[in-house]
Amino acid sequence: ILIVGYTSRQSPSSARGAWQDAFTPGEWMVVSSLISSLLGEFILQSLGIVVAECPSHIIVAHAGIVGCIIGVGLSLLARKRIYNDTQSATLAVLSTAIVITSTLFCLESTLSSSKVWMPRSVQWLVSFLSATIDLSVEYDASRVAILVYWVLVLVTFLPMATLLVSWIAADEKCSNDNNDTTQQSRTDEGGHFYHNRKQRVVIARKYFHLMAILLFTPITWLDRDMMSLSYAISVSLLLVLEMIRCQLSTEASGVDQQSALLNQFYMVFLDEKDSSAADGGLAVTHIALVVGCALPLWVHQMLEMQGTDELSFTTKWLFSLLPHLGVLVLGVGDSAGAVGGMRLGRHRWPGASPRTFEGSLCMYLSMMFAVLCTCMVIVGSNMEDTLNCLLECSSLLCLLTLIEASTTQIDNLCLPIAGSTILILAAT
């Protein structure tokens, strides 16, 4: 928070729309706490003050994210101090090389190796991917099968995302083609276009939430270690892409904002919470989506390392729901609430909230239905156990629905953090 305020005072003319405006002060408190915790823990482990007794994939995920954060920070510093006159493409390559170098340095410093000729990170990755997972069928498969599944999902659904760009801009093209209208009709059409385009952006953004459900949910059931590490890799890659996008979209890079293909693709899907990105700042909601899905799983694995028996959980079902809470709230609940509120919403919540009662009801019912399906898979045809599971989750999901309806923060961060906290309190 102090760094953000100092930077704003040093450059007040460029503070608006810069990276400082990517988060509200409350969100900056959460983000700075997460970053300082990651960096502080890594420093303590590197100095030997704290000995990490945890699985290797958590150590690798931790080191990878720390290395990426350090690399992004160094590249931004180098951009202002060294590469002001450098072409944007060269700047992007140099910045990415800095990030990769710092990440590999952090990884190499935390891993042990039995082969001198092979980098420690490569050796560990080969060993990790060659491990088998239990598919509860006649045969087991290595983790490479998970990579194949992810590639198939991305190849199937990403081309549709490019078509959504044209679909969002369809009304704008129709509006531009119609030039023989009065001034009043143009004003009415402008308001209709803005409203219609906003609805299309919401639907298009929830398409990526659907992709998150398909990518994350099956693997969280089958192999939580693989999913935990993959979340860390995804966050790191998105940070690098956002760094490159910001550099390509600024005037200092010598590239017009609309000329970069990556920046154009991002701009189409921005909402009001990413308003700073249109002025050269950061777009954070897509990164927050992955972090929000990952946080409950990471918390669950840290609690497992401490021993769940010592925590005296009285409700095992709630604790077993924790790894899936991020996808449940953001992938299922938030998507259903947004689309349902947009299509069916008539009555808004008090206090100038943009949410509606109908949208909140859609969110709550969709999450309850997802929990019901999960209960039926886990407990089978035992109706009593199924009803007990629903009753245990009903209060939690109701509170999350009310938080979503009232918060002005980035819900991709707010809901998973609040949900994990409430769930652990309810289960202990």
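This is a predicted model: local features need pLDDT of at least 70, side-chain atom pairs count only at pLDDT 80 or more; totals for chains, interfaces and linings use all residues.
Among the contacts in the chain with a separation of 6 or more, 69% are accounted for by residues 24 or more positions apart.

- When neighbours within four places in sequence are left aside, Leu 154 is in contact with Pro 159, Met 211 and Leu 215.
- Leu 154 and Leu 214 are 60 residues apart in sequence, and their C-alpha atoms are 9.8 Å apart in space.
- Leu 164 also has its place in helix H7, which covers residues 144-168, and at 9% relative accessibility Leu 164 counts as buried.
- Leu 164 touches Ala 204, Tyr 207 and Phe 269, with residues up to four places away in sequence not counted.
- The C-alpha atoms of Leu 164 and Ile 203 are separated by 9.5 Å, although these residues are 39 residues apart along the chain.

**Helix H3**

- Phe 42 lies in helix H3, which is made of residues 25-46, and Phe 42 is buried, with a relative accessible area of 10%.
- From C-alpha to C-alpha, Phe 42 and Ala 63 are 7.2 Å apart in space, while in sequence they are 21 residues apart.

**Helix H14 against H12**

- Helix H12, residues 285-306, and H14 have axes that come within 6 Å and cross at roughly 145°.
- On the H12 side this contact is made by Leu 289, Gly 292, Cys 293 and Pro 296, and on the H14 side by Leu 325, Gly 326, Val 327 and Leu 330.
- Sorted by class, the residues of the contact of H12 with H14 are 6 nonpolar, 2 polar and no charged.

**Helix H14 against H16**

- The axes of helix H14, residues 325-344, and helix H16, residues 383-406, come within 12 Å and cross at roughly 55°, an angle that makes H14 oblique to H16.
- The crossing of H14 and H16 is right-handed, and the contact brings together Leu 325, Leu 328, Val 329 and Asp 334 of H14 with Leu 396, Leu 397, Leu 400 and Glu 404 of H16.
- The residues of the contact of H14 with H16 comprise 6 nonpolar, no polar and 2 charged.
- Asp 334, found in helix H14, counts as buried at 3% relative accessibility.
- Apart from its neighbours within four places in sequence, Asp 334 is in contact with Lys 206, His 209, Val 329, Met 363, Glu 404, Asp 411 and Asn 412.

**Helix H16 against H17**

- H16 and H17 pack with their axes 10 Å apart and at an angle of about 150°; because angles over 145 degrees count as roughly antiparallel, H16 and H17 are roughly antiparallel to each other.
- The crossing of H16 and H17 is right-handed.
- In H16, the residues Leu 396, Leu 399, Leu 400, Ile 403 and Glu 404 meet Asp 411, Cys 414, Leu 415, Ala 418, Gly 419, Ile 422 and Leu 423 in H17.
- The contact of H16 with H17 has, by class, 9 nonpolar residues, 1 polar residue and 2 charged residues.
- Thr 401 is found in helix H16 and counts as buried at 5% relative accessibility.
- With residues up to four places away in sequence not counted, Thr 401 touches Ser 360, Met 363, Tyr 364 and Met 367.

**The length and buried residues of helix H17**

- Helix H17, residues 411-427, has 17 residues and reaches 23 Å from its first C-alpha to its last, which is close to the 24 Å expected at 1.5 Å a residue.
- The buried residues of H17 are Asp 411, Asn 412, Leu 413, Leu 415, Pro 416, Ala 418, Gly 419, Ser 420, Leu 423 and Ala 427.

Terms used. Residues are numbered from 1 along each chain as its sequence is written. Side-chain values use heavy atoms; hydrogens and water are left out. Axes are lines fitted to C-alpha atoms, for helices over the stretch in contact, and angles run from 0 to 180 degrees between N-to-C directions. Helices (H or I, at least four residues) and strands (E, at least two) are DSSP runs, numbered from the N terminus. Angles under 35 degrees count as roughly parallel, over 145 as roughly antiparallel, 65 to 115 as roughly perpendicular and the rest as oblique. A crossing is left-handed if the near helix is turned anticlockwise from the far one by less than a right angle, and right-handed if clockwise. Contact means heavy atoms within 4.5 Å. Ala, Val, Leu, Ile, Met, Phe, Trp, Tyr, Cys and Pro count as nonpolar, Asp, Glu, Lys and Arg as charged, and the others, Gly among them, as polar. The expected span of a helix is 1.5 Å times one less than its number of residues. Buried means under 20% relative accessible area, exposed over 50%, partly exposed in between (1.4 Å probe, protein chains only).
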